[in-house]
Amino acid sequence: MGYLELIENNKAEMVKTLQELIRYRSVAGAGTDGMPFGEGVHEAFQYMLNIADRDGFEVENVDNYGGHIQFGGYSYNVDGEIVGESDEVFGILVHLDVVPEGSGWDFQPYGGEIAEGRVYGRGAMDNKGPAVASYYAMKALKDAGFLPEKKVRLILGLDEETEWNGMDRYLQKVKAPSAGFAPDAEFPVIHAEKGILVFELAKKIGKSTAKGLELRSFKGGAAANMVADYARVVVMDGRPGAYDKIKSEAAAYRGEHKRKINVKGIGKCLEITAQGISSHGAAPEKGLNAISVMMEFLGRVSFANDDVNEFVQFYNDHIGFEFDGAGMGCGLSDEVSGRLVFNVGLIDMDSEAARLTINIRYPVTQNDQSVFDGMAPAINRYGFGILRHKHHKPIYFPKDAPLVTTLMGVYKKHTGDIESEAAVIGGGTYARAAGNLVAFGAVFPGDEDMAHKKNEFIEIGKMELMAKIYADAIYEFTKQL
């Protein structure tokens, strides 16, 4: 029986495996001895290793930080004895951790319930469903007697939703795959992912003896990779009528810009709040940054401290509502991935210091130093310090690269979709964690991406289809030539 038929025959077993895997609440958290990401993640990890061992795969556990399930890569003599072993590995990188369930579900988040041809539960799509589909793709090939020329390795990540420390530890002890994919995004193929930077711009605020409007605090945003939907400023001014002028300015601003600025007294101080619209930091144009709204409004008032006024002016002159970093001098672009994306995710400012947390997605043919070099004149002029927090290098495979064309061919064969093309994204997928990989699935074009949402599900028919796609992809890259 062929491996595609075996996937059809094993569909019920595949669904049952996913149901059981979903029942582990594998939210990465504080570790304990031998369980670096918590008990739930560890149990889900052991579950996958145990079924793979039962099914005759080679398994490896790297200090409970990650591991893999593997077969193939051996050459045999006429007597069936192993006489050689390949150094090449075709890898499929998945993760077993999930985000917290949240509220408002119509199904048990960790029940693995089936309804209307779907399996419901946290992780059903991100990423347990694709992980199980990948496993059963490998199992069907192995059970059909396929002898891959390269090692086929399902790599199990355990903290993709948090810090990726597990994959760092795993790759310190295990060689990264020479090629492969991560089923942690969308079909057909993500051939390029922009580079990602997270850093702080920090500046001290000098003391001022001048009397007048004083900024006590300015906070906004929830995360670096989100457009801030809320910002709050607290000011104090003991002069008679000073707050009336600010309230009047707020009313005028609302009328001119149709943006939400509200003002109210809190004790001897005045609270100013700005409302924005949240969106992902990779697509800030889909939202409205409340920090930028607040900065634009504060440009209409005058603080007693010139350093505060200068900081507000810097923001409005060099950042404002731009998304491409041009005002900061880093408006880079290329033909492959378009323009740089610039998002101010957080602000934390008081009478002593100001800190902006910025998330940048830069073009795939550029590098992080080009970004910082471009910003240097503005940063130096205003005396900012830079605290670099995170850098993920871009992924870029040309559309005619064998990895991309082969995966595209397999996708088209099974879906009949000849319109979709390999895509470029500003977001980051788990493919970055191991190198030499691209994202390949698992959300099909036109389907709603249920990752991180309540009532997360995967369609059973789509899960079977992705297993067939992944099986054929493995076969094409590892068959004996």
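**Close-up 1: His318 in helix 8.** His318 sits in helix 8, which spans residues 306-318 (helices are DSSP runs of H or I with at least four residues, strands are E runs of at least two, both numbered from the N terminus). With 15% relative accessibility, His318 counts as buried (under 20% relative accessible area; exposed is over 50%, partly exposed in between, using a 1.4 Å probe and protein chains only). Leaving aside residues up to four places away in sequence, His318 touches Gly327, Met328, Ala378, Arg381 and Tyr382 (contact means heavy atoms within 4.5 Å). Keep in mind that this is a predicted model, where local features need pLDDT of at least 70, side-chain atom pairs count only at pLDDT 80 or more, and totals for chains, interfaces and linings use all residues. Numbering starts from 1 along each chain as its sequence is written, and side-chain values use heavy atoms, with hydrogens and water left out.

**Close-up 2: Asn343 in strand 19.** Asn343 belongs to strand 19, residues 341-350. Asn343 counts as buried, at 2% relative accessibility. Its side chain reaches the backbone oxygen of Met226 at 3.1 Å. Again not counting residues up to four places away in sequence, the residues Asn343 touches include Ala224, Val227, Gly281, Pro284 and Thr357.

**Close-up 3: helix 10 against helix 11.** Helix 10 (residues 402-415) packs on helix 11 (residues 460-478) at about 140°, the axes being 9 Å apart (axes are lines fitted to C-alpha atoms over the stretch in contact; angles run from 0 to 180 degrees between N-to-C directions). Among the residues making the contact are Leu403, Leu407 and Val410 of helix 10, and Leu465, Ile469 and Phe477 of helix 11.

Notes:
A polar contact is a pair of N or O atoms within 3.5 Å; within protein, one must be able to donate a hydrogen and the other to accept it, and residues adjacent in sequence count only if both atoms are side-chain atoms.
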